[in-house]
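I set out to record what I looked up in this structure, entry by entry. The notes begin with confidence and go on to helix packing and to individual residues.

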Amino acid sequence: MSDATLNTVTHDPGDFAVQIADQIKTFIVAVTEVSGVEEPEEAVPVLLLQVSQLLLAGGRLGAYEDIVPDERYEPDLGAEPDADGLRERFAVLLEPIDVYSEVFDPYEPRKAPVAARISDDLADLVTDLRHGLAHYEEGRTVEALWWWQFSYFSNWGSTASAALRALQSLIAHIRLNQPLQELDGLDTDQDAGDDDLAEEAGRVMVEEIAGPLGLRPVK
């Protein structure tokens, strides 16, 4: 991609903005629809695909030079939609495989892993993306691109990357027939010594997800 192409982003985003907005709309619609399914085996593969595609949009935003908004101050968007309902539906749908271990900054030495939740990640992603989409739908294209790029670096990029690693690992454990013993009780609401979550996760992985997906026979 030439420097000339990069330099046009802040003045005439054109097709680039349309493509990014379409990818973001697709992600929001797909994730919202998936939150309404009844079984985790229906949700996990779709989430893996959708988060992967979202990160492609993020990579494209990250590869561009800094996008500068037209105005110094961000226009008031008014009240934003609440993603708590989405968060709660995924928490129920994905329980107990919702919790995973994450290191927020791989370049920070000896940083201890912390507990995170896929349901929280998905709700946070939708919230960040909707904010930029509100600008886009009001015709403030550069403002939307600026927000999506800024929040990609500051928040949703790392959130999506963490969720993707968790989802990819989840599918890998299914295909390799390896229950999630590594959780060892990790939970955002429990002490680390409680191993009930790990046992339940292993059961769900083998019986409720792997079997219906036809990846491994249920014994």
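The entries below concern a predicted model.

**Confidence**

I first looked up the confidence of the protein chain. Its mean pLDDT is 79, and 70% of its residues reach 70 or more. I then noted that pLDDT is below 50 over residues 1–11, a stretch that has 17 contacts in the model beyond near neighbours in sequence. Over residues 182–186 I again found pLDDT under 50, here with 21 contacts beyond four places in sequence. Where pLDDT is low, the predicted coordinates should not be read in detail.

**Helices α4 and α5**

I next examined how helix α4 (residues 84–94) packs with helix α5 (residues 118–137): the angle is about 155 degrees, and the axes lie 8 Å apart. Angles over 145 degrees count as roughly antiparallel, and α4 and α5 are therefore roughly antiparallel to each other. I recorded their crossing as right-handed. On the α4 side, I listed Leu86, Arg87, Phe90, Ala91 and Leu94 as making the contact. On the α5 side, the contact is made by Ile118, Ser119, Asp120, Leu122, Ala123, Asp124 and Val126. By class, I noted eight nonpolar, one polar and three charged residues in this contact.

**Helices α3 and α6**

I then turned to α3 and helix α6 (residues 141–175). Their axes come within 8 Å and cross at roughly 145 degrees. The crossing of α3 past α6 is left-handed. I found that the residues of this contact divide into 17 nonpolar, eight polar and no charged.

**Valine 51**

Within helix α3 I looked up valine 51.

**Glutamine 50**

My last entry concerns glutamine 50, which has its place in helix α3 (residues 40–63). Glutamine 50 counts as buried because its relative accessibility is 11%, and the cut-off for buried is under 20%. Leaving aside neighbours within four places in sequence, I found glutamine 50 in contact with Thr26, Phe27 and Ala30.

How values were computed: Residues are numbered from 1 along each chain as its sequence is written. This is a predicted model: local features need pLDDT of at least 70, side-chain atom pairs count only at pLDDT 80 or more; totals for chains, interfaces and linings use all residues. Side-chain values use heavy atoms; hydrogens and water are left out. pLDDT is the predictor's confidence in each residue, from 0 to 100. Contact means heavy atoms within 4.5 Å. Helices (H or I, at least four residues) and strands (E, at least two) are DSSP runs, numbered from the N terminus. Buried means under 20% relative accessible area, exposed over 50%, partly exposed in between (1.4 Å probe, protein chains only). Axes are lines fitted to C-alpha atoms, for helices over the stretch in contact, and angles run from 0 to 180 degrees between N-to-C directions. Angles under 35 degrees count as roughly parallel, over 145 as roughly antiparallel, 65 to 115 as roughly perpendicular and the rest as oblique. A crossing is left-handed if the near helix is turned anticlockwise from the far one by less than a right angle, and right-handed if clockwise. Ala, Val, Leu, Ile, Met, Phe, Trp, Tyr, Cys and Pro count as nonpolar, Asp, Glu, Lys and Arg as charged, and the others, Gly among them, as polar.
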